[in-house]
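I set out to record what I looked up in this structure, entry by entry. The coordinates are shown first.

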Amino acid sequence: MSQIILETERLILRQPDLSDFEPLCELMADEEATRFIGGQQEPAHVWRGLCGIVGHWALRGYGFYSVIEKKSGAWLGRIGPWYPHGWPQPEVGWSLNRSTWRKGYATEAAAACLDDVFNRLEWRDVIHLIHEDNAPSQGVARKLGSRDLGHDVPVAGFDMIVDVWGQSAAEWREHRKLLL
């Protein structure tokens, strides 16, 4: 399988690899950063999750990217398209280290992912599953041009209900012009 790499002005989005395990453990140990993505995880569960992300790439040809800051080479988090078992449809989701919040990284990386899913993968629409109390992720979704679609779904395997946000490829192409 060929490596897919996306680049933005400040970021490199690359497929995950073994070097991501330790920083992913740090992210998944942060109570606040994991509040809306299933909660803190011990390293054994993080390992299984990383393997699941790598496996998602192998099975579907896409998945979460590791987000790397160009300037420092630091691993910032994971963002990208995925469609695990039990999801209502393919999603672009994001989880970043708390130290990176409010710097525009999530919007910048997610925009690159939306370009990719609508161009390379030819998705017709996209969703983001966002907990009703997760105002920061709702803000990212709004900046991307997504909106609350007015219904909620249970997140398979996580014992929580979330709002479904999203937009069509046509809506993204119109909104993308505003982000340039």
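Predicted model: local features only at pLDDT ≥ 70, side-chain atom pairs only at ≥ 80, totals over all residues.

**Strand β4.** I began with the burial of β4, residues 75-82, and found eight of its eight residues buried. I then looked up its pairing partners. Strand β3, residues 65-69, pairs with β4 in the antiparallel sense over four bridges. Within that pairing, I noted valine 67 opposite glycine 77 of β4. On the β5 side, where the partner strand covers residues 91-96, β4 pairs in the antiparallel sense over six bridges.

**Turn between β3 and β4.** I next examined the connection and recorded a hairpin, with five residues between β3 and β4. Glycine 73, in this turn, has a positive phi of about 80°.

**Helix α3.** I checked the length of α3, residues 105-119, against expectation. Its 15 residues, at 1.5 Å a residue, should span 21 Å, and I found the end C-alpha atoms 21 Å apart, which agrees. I also looked up burial: 13 of the 15 residues of α3 are buried, so the helix is largely enclosed by the rest of the structure.

**Leucine 18.** Is leucine 18 buried or exposed? I located leucine 18 in the loop between β2 (11-14) and α1 (21-29). Its relative accessibility is 60%, and because exposed means over 50%, leucine 18 counts as exposed.

Definitions and conventions: Residues numbered from 1 in each chain as written. Heavy atoms only, no water. Helix = DSSP H or I, 4+ residues; strand = E, 2+ residues; numbered from the N terminus. Expected span 1.5 Å × (residues − 1). Buried < 20%, exposed > 50% of the residue type's maximum accessible area, 1.4 Å probe, protein only. Pairing = 2+ DSSP bridges.
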